[in-house]
Amino acid sequence: MAAVATVLGGACGGSSSACIGSSSPLCTGSGRCVAIASCAKESDIANALASDADGDTVAFAAGTYEFNNQLALGTGNGVTVIGAGADQTTLDFHGQQAGEDGIFAQSVSNLTLQGFTIKDTPGNGVKALGVTGISFLSLGVTWTAQDSTDGAYGLYPVQSSQVLIDGCTISGASDSGVYVGQSQQIVVRHNEVFGNVSGIEIENSFFADVHDNNSHDNTAGILVFDLPGLQQEGGHDVRVFNNTIHQNNTANFAVKSDIVSVVPGGTGFFVMANHDVEVFGNTIDGNKTAGAGIISYALAQQAFTDPSYYEWPKTISLHDNTYSNNGTLPDALSQVGLLLSTGMAEYPDMHVPDVLWDGIVDPALPAGTDPLGLCIHEPGASAVCNMHFDQIDMNNPDAGKTMVCDPAPFACTLPALSPVTWAGLSP
Amino acid sequence: MLRGPVVAVVLALAACGEQGTGPLVPSAAGADTGGMPATLSAFAMVSIQNAAVVPNAGVLPYDLNTPLFSDYAVKYRTVWLPPGTSAPYVADDRLELPVGTVFTKSFGFPADFRVQGAPVKWVETRVLVHGVDGWKGASYVWDDAQEEATLLAGGEILDFSFIDASGTTQSPSYLVPSTAECQKCHANDGTMITLGPRADQLNRDFAYADGTDNELARWTSLGILSGAPTPDQAPRLPVFDDPSTGDVPSRARAYLQANCSYCHDGTGEARTSGLVLLGTEMDPYALGVCKPPVAAGKAAQGEKYDIVPGHPEQSILVYRMTSTEPSIAMPELGRSLEHVEAVALVTQWVAAMTGSCP
């Protein structure tokens, strides 16, 4: 009992604090300003965020703030949480004892998180569920360990819309640095992501522009996925353009059974399932397993029972990307990488072709040279190959023997997808 | 701003809440559009006397058949409805209680759970008020003297120790939730809701000061519940640790219903996972059988499915119930200790399932 009493005595300290004021140069909006200095108590900071009112700005002065509980935002709309810069303000969650996410927000609108670094959360850096209008601007998310003990996602908007991720730096996520799930109207631009399993992942999402990002030294650079069993399925209208996808050769450190754990190290870009995806103007270089792939969920070899799920990619356009030095040494620790490595001797120039399609076709579609409507115009690629994984003899696999490298079947063009925009999105 | 009957209720309550010379009268303080009051006594619902939570006159205590686990805390629950109001009976969902309703739930720990009747040190009392603009919640932390509890809107993690029923010293990282964390469990697609007060949870006996009675029957006789059938005609949730109330599957499902389904119901916070743990869920895949995790990250621990029939040791659901690691533990909030008895029950349930996964 004495132990309880002592602690409770400490828990009832005053809620007002000289370390929480009402003005800060970081507050530029017209709403209330909650100015937090690094001497503020955790429960007072948590209170400021939990009790946020419409239009509030919560401003963290430069410094390091340590938390042992997650920071959950309240019900205010149009709230801004801002720091003095990703290199100035650090929210450190290494001692976190409750909650899976560093910062959590749900069901609000027009939330902005800007200018601070989130460090060492046990789970995700920021999770935003069901938010309409969420901007992640100039944030850092990082983990010290850079291994499988790191949290899954750096920035994790899910079932949200009007999602902007701009100018953030994310490293060490044991699943994906940027993970946008089951969302709509998404712009991911000008971010640097490295040392994650996947740099950027757009999953089960509609209307996304992913451009001008630098995704390097992850296990995989940029992934566009669609998975079964979720409330929003059939990812579509995703544009991936003008990104640098460079040397994503970090060994896969995701926990086995996590869907990204099947991704070979050395992967540049691939799209799995989805329809209407346009990939252009990217620089894809030095990814040792493969540059770009178009695959079916069947390749992930996971069972599913969802009748509404469509497991094949359809109407995918790859054009005018730049490729160099990809596919030189496939990751043999992964099943797909191992399979690819069997054909090295037969590949053009002795390296895995830059553009791969797994050759797995929806059997319900009429037969043809290009039943899925894959249009590939890649003069800069070493080769464009149908790997015919549908025909491979798994008892005696040789990916080089089944592949057909010929761009002719894919010599079609698809209309360019429209840019993603919404009222209030800055160009 | 306030209209209709709501005005009358709120104004009456505001007047009642004032501390005069007479006894305190319960009040739905905070039911208006303003904030929650700074102290628990403003509600005049409960006080602590001789280490026991005591309800004020007109405030009714109740228990649930299978409650939420909160680090083995002892809990004392009360309900109060504005005079003259009642809730219509709902057979298979949460009760819809009128504006002005106040629930309290007090959390405490005896120093040693092996000692019968040991005094309880009360840590916090959580309040849910049905305000004019919806339910709102807050936690009040008790002072050392157990005389007053003070609003702690930002929440806090408290470290202390107690000796559990088996004689083991337990040291939880006990979470007093922030008001935003209240929503983590109580907000369903953006709307705050109540969780425990359902007919099947209340269909049980309670030892009232004037004798033992079924809770549904007592609520009916007090006029706060209308249209309820006799208890034998109402649903009854099994008591997870009382084998006389149901077989292993039904008690395991009752536990998951009470402890998981507030998020895992298809519309709550875990809707993005596709895992539905409502007691009424009939689709084995939605319930986790041979269902791969979606965004579990390291919590999947290398296993492929939430539930593998016959193999609790391969089932992510059992693993996450067992773990106390913040990024792995389920429920996500409010459990820093393993609920050993519940894990044993769910383990038994999964072990007895037949079938296999691909």
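What follows is a short chat about the contacts and elements of this structure.

Student: What kind of model is it?
Tutor: It is a predicted model.

Student: OK, chains first. How many residues of chain A are in contact with chain B?
Tutor: On the chain A side there are 52 residues, in contact with 52 residues of chain B.

Student: And which elements of chain A supply at least two residues of that side?
Tutor: Helix 1 (2-11), helix 2 (42-50), strand 5 (69-72) and strand 8 (98-106) of chain A each do. Helix 1 of chain A gives the most, with seven residues.

Student: How do the residues on that side of chain A divide into nonpolar, polar and charged?
Tutor: There are 22 nonpolar, 25 polar and five charged residues on the side of chain A that touches chain B.

Student: Is helix 2 of chain A mostly covered or mostly open?
Tutor: Mostly covered, since seven of the nine residues in helix 2 of chain A are buried. Among them are A:Ile45, A:Ala46 and A:Leu49.

Student: Chain B has a helix 2 as well. How many of its residues are buried?
Tutor: Helix 2 (residues 179-186) of chain B has eight of its eight residues buried. They include B:Cys182, B:Cys185 and B:His186, along with B:Glu181 and B:Lys184.

Student: What do those buried residues pack against?
Tutor: Elements from both chains. From chain A there are helix 2 and strand 5. From chain B there are strand 8, strand 14 (187-188) and strand 15 (191-192).

Student: Switching to strands. Why is strand 7 of chain B largely enclosed?
Tutor: Twelve of the twelve residues of strand 7 (residues 120-131) of chain B are buried, so the rest of the structure largely encloses it.

Student: Which way does it pair with strand 6 of chain B, and over how many bridges?
Tutor: Strand 6 (residues 102-110) of chain B pairs with strand 7 of chain B in the antiparallel sense, over nine bridges. In strand 7 of chain B, B:Glu124 has B:Phe107 opposite it.

Student: What about strand 8 of chain B?
Tutor: Strand 7 of chain B and strand 8 (residues 134-142) of chain B run antiparallel and are joined by eight bridges. Here B:Val127 stands opposite B:Ala138 of strand 8. The two strands are connected by a hairpin through two residues.

Student: Back to helices. At what angle do helix 5 and helix 7 of chain B pack?
Tutor: Helix 5 (residues 248-259) and helix 7 (residues 340-351) of chain B pack at about 130 degrees, with their axes 9 Å apart. That angle makes helix 5 of chain B oblique to helix 7 of chain B. The crossing is left-handed.

Student: Which residues make the contact?
Tutor: Helix 5 of chain B uses B:Val248, B:Pro249, B:Arg251, B:Ala252 and B:Tyr255. Helix 7 of chain B uses B:Ala342, B:Leu345, B:Val346, B:Gln348 and B:Trp349. The residues of this contact divide into eight nonpolar, one polar and one charged.

Student: Last one. Where is A:Asp212?
Tutor: A:Asp212 is in the loop between strand 21 (206-211) and strand 22 (214-216) of chain A. It counts as partly exposed, because it has 16 C-beta neighbours inside 10 Å.

Student: What does it touch?
Tutor: Leaving out residues up to four places away in sequence, A:Asp212 touches A:Arg189, A:His190, A:Asn242 and A:Asn243.

Terms used
Residues are numbered from 1 along each chain as its sequence is written. Chains are lettered from A and ligands numbered from 1 in the order in which they are written. This is a predicted model: local features need pLDDT of at least 70, side-chain atom pairs count only at pLDDT 80 or more; totals for chains, interfaces and linings use all residues. Axes are lines fitted to C-alpha atoms, for helices over the stretch in contact, and angles run from 0 to 180 degrees between N-to-C directions. Helices (H or I, at least four residues) and strands (E, at least two) are DSSP runs, numbered from the N terminus. Angles under 35 degrees count as roughly parallel, over 145 as roughly antiparallel, 65 to 115 as roughly perpendicular and the rest as oblique. A crossing is left-handed if the near helix is turned anticlockwise from the far one by less than a right angle, and right-handed if clockwise. Two residues are in contact if their C-beta atoms, placed from the backbone, lie within 7 Å. Ala, Val, Leu, Ile, Met, Phe, Trp, Tyr, Cys and Pro count as nonpolar, Asp, Glu, Lys and Arg as charged, and the others, Gly among them, as polar. A residue is buried if 20 or more other C-beta atoms lie within 10 Å of its own, exposed if 12 or fewer, and partly exposed in between; C-beta atoms are placed from the backbone. Two strands pair if DSSP finds at least two bridges between them.
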